[in-house]
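Student: I have a structure to read and would like to go through it by question and answer. Can we start from the picture?

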Amino acid sequence: MDLLREFERQNPRALARAISLAEAGRGADLVRALYPRTGRAVTVGLTGPPGVGKSTLASALVREARARGKSVGVVSVDPSSPFSRGALLGDRIRLAEHFTDESVFIRSMASRGHLGGLAGATADAVLLMDAFGYDLVLIETVGVGQSEIAIAELAQTTIVALQPGSGDSIQVLKAGIMEIADVFVVNKSDHPMADQLRREIRSMMEMLHWTGWVPELVSTQALEGRGVDELVAAIERHVAYLNETGEIERRRRDAFSHQVRQLALGRLEERLDRALRAQPDDELDPYGAADRVVSQLWGE
Amino acid sequence: MADRPLRIVIAKAGLDGHDRGAKVIARALRDAGMEVIYTGLFQTPEQIVQTAIQEDADGIGLSILSGAHMTLFPLVVEQLRGQDAADIVFFGGGTIPAEDAKRLKELGVREIFTPGAPLQEIIDFVERECGKRRALVG
């Protein structure tokens, strides 16, 4: 199949294949050819700990976007096994109602050893969905802990979903994912401890001095769709803010440099690994060995 | 193509809530190094085939324990052909009598595994057949 031509003819199989190629590190030519067509989609990241309801929230957001006549691409990342390289990708289960909607394209991605909450090719998948013409691209990270913040570099709007009853007030004060939210969502808001979590997030936010956008706090019960319209409104306000202040350009540049950095790092890492394998097995201390291999790389 | 793992959709179709077998297979394929996309329960043939297309899957494994196999398997085959996706290796499992399995294989289901099939036999089949497909499509 002539991939580029089929892509241009809006054949979903071409998009699916293009993402596979990007995952295998063979997507460069295609992304290069399609890059001029990107930059139109609104990109929204959805992150939070495992089991918080990210996929259920994603499904509810897709429903709202479809009701507004927007087409949606979803990239859902789940972890790969560090032992077998295999993965069980289960995010689709919550998205089943959208499987046969021609204006929705869902792709599960395994992290394939990549850290930070995304897969190495997630940025490419977002570019490809954007070029294919989806109005909204939703990116769902792996279930994260406290420090996986790559999504904030990639998405224009980052939603951090939290659930009640999972830690004391110090948890919301910690650095990391609590700092990247444009919108906080307290999901499972019917839980008896939901009010407490909302209070803790509010008091954490009051301690900080904000310039520009102040993160919004929305409560949802995603399974029943409660609060989802408020979440959509919060996202729309953030997107409007980005556009009015011109910050959208800064976010696009950030996403661009982030991807450039990732790609360059990947290539440097390959060279480093090759050089490390070729090192003599002598008893140098770790600092000396690092100096030696780096100076060799510069000379390469 | 060893530069990316095989991708397999494991699905449950129709009014059949018994997913233990599907989960065991999903786990076994995962541990054999494949990326397994699990659809969840109660899928229609159309949903299963759309999933396989969007996920660029090399194979679809469908588990049916409800007795509706003579209806659901052929519908998936038909959908695959209709979507120009018959290159995707379609196999199945469940409580399926031998004569039905024979008929289904004539219709285009590549293999039917019944209760007691060794996991390794299923893994070997998927690696071999989906590997062949991968060699063709890249």
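**Strands, helices and chains**

Tutor: Strand 4 (residues 89–94) of chain B and strand 5 of chain B run parallel and are joined by three bridges. Helices (H or I, at least four residues) and strands (E, at least two) are DSSP runs, numbered from the N terminus. This is a predicted model, in which local features need pLDDT of at least 70 and side-chain atom pairs count only at pLDDT 80 or more, while totals for chains, interfaces and linings use all residues. Residues are numbered from 1 along each chain as its sequence is written, and chains are lettered from A and ligands numbered from 1 in the order in which they are written.

Student: In strand 5 of chain B, which residue is the bridge partner of B:Gly93?

Tutor: Two strands pair if DSSP finds at least two bridges between them. Strand 4 and strand 5 of chain B have three bridges. The partner of B:Gly93 in strand 5 of chain B is B:Phe113.

Student: Which strands are the edge strands of the open sheet of six strands?

Tutor: The order of this sheet is 3(A)-2(B)-1(B)-3(B)-4(B)-5(B), with parallel pairing. An edge strand here pairs on one side only. The two are strand 3 of chain A and strand 5 (111–113) of chain B.

Student: Which element of chain B gives the most to the side that touches chain A?

Tutor: Contact means that the C-beta atoms of two residues, placed from the backbone, lie within 7 Å. By that rule, 25 residues of chain B are in contact with 27 residues of chain A. Helix 1 (20–31), strand 2 (35–38) and helix 2 (45–54) of chain B each supply at least two residues of that side of chain B. The most, six residues, come from helix 2 of chain B.

Student: Why is one side of strand 4 and of strand 8 of chain A left without a neighbour in the sheet?

Tutor: Seven strands of chain A form an open sheet in the order 4-2-5-1-6-7-8, with parallel pairing. Strand 4 and strand 8 (216–219) of chain A stand at the edges, so one side of each lacks a neighbour in the sheet: each has a single partner strand.

Student: In strand 4 of chain A, what is the bridge partner of A:Val77?

Tutor: Strand 2 (residues 72–78) of chain A runs parallel to strand 4 of chain A, and seven bridges join them. Within strand 4 of chain A, A:Val77 has as its bridge partner A:Met109.

Student: Is helix 2 of chain A largely enclosed or largely open?

Tutor: A residue is buried if 20 or more other C-beta atoms lie within 10 Å of its own, exposed if 12 or fewer, and partly exposed in between, with C-beta atoms placed from the backbone. The buried residues of helix 2 (residues 12–23) of chain A include A:Leu15 and A:Ile19. They pack against helix 1 (3–8), helix 3 (28–34), strand 4 (104–110) and helix 5 (122–132) of chain A. Nine of the twelve residues are buried, so helix 2 of chain A is largely enclosed.

Student: What percentage of the residues of chain A count as buried?

Tutor: Chain A comes to ten helices and eight strands. Of its 300 residues, the buried part is 41%.
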